[in-house]
Amino acid sequence: MRIEVSAVKGALDKIKRKIPSASAKGIARAGIFIENAIKDRTRQGTSVNGGGFKKYSKGYAKVRAKRGATLTPNLFFTGQMLGNMTFKKLSSTKGQVFFPNRTQNIKAFFNDQSRPFFSVNKQEEDRAVDIFRKTFERELRI
């Protein structure tokens, strides 16, 4: 049996050239999934730990009721904070979910202290890794 080393080397070089692009696409898809998972979970009133958020204070609940907003804590009043959350690809190996607007970033920081939402749980992490892996493999066609 004879193996043509130059043919194998050429095929490996082709795959090697595709890795940065495949990784970047995987990071982008996984990051967008994480952004949407946090938003969807938060809108449902579920914390990162799986339970419901801490109840609103009586005074704040009255304000929300007056404005016709739900009394179920979901961190959604005007929609500005969650609407400002976004994903940015930093490189082919890194991405970031963040709040670009300073006011919304501060609001998210303090909301996260009392009602943890801005993180991923094990299920979401596993799903993001799976999305990355499938995208990466599809792009490399392996």
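This is a predicted model: local features need pLDDT of at least 70, side-chain atom pairs count only at pLDDT 80 or more; totals for chains, interfaces and linings use all residues.
Residue numbers start at 1 along each chain as its sequence is written. Local features need pLDDT of at least 70, side-chain atom pairs count only at pLDDT 80 or more, while totals for chains, interfaces and linings use all residues, and side-chain values use heavy atoms, with hydrogens and water left out.

**Exercise 1.** Work out how helix α1 and helix α5 are oriented to each other.

*Solution.* 
- Start with the angle: α1 and α5 (residues 122-140) pack at about 150°, their axes 8 Å apart.
- Now classify: that angle makes α1 roughly antiparallel to α5 (the label for angles over 145 degrees).
- Finally, sort the contact by class: you get 13 nonpolar, three polar and eight charged residues (Asp, Glu, Lys and Arg are charged; Ala, Val, Leu, Ile, Met, Phe, Trp, Tyr, Cys and Pro are nonpolar; the others, Gly among them, are polar).

**Exercise 2.** Classify the aromatic pair of F99 and F118.

*Solution.* 
- Grab the rule: ring centres of Phe, Tyr and Trp (its six-membered ring) must lie within 6.5 Å; planes under 30 degrees apart are stacked, over 60 edge-to-face, the rest tilted.
- Count up: the rule gives seven aromatic pairs.

How values were computed
Axes are lines fitted to C-alpha atoms, for helices over the stretch in contact, and angles run from 0 to 180 degrees between N-to-C directions. Helices (H or I, at least four residues) and strands (E, at least two) are DSSP runs, numbered from the N terminus. Angles under 35 degrees count as roughly parallel, over 145 as roughly antiparallel, 65 to 115 as roughly perpendicular and the rest as oblique.
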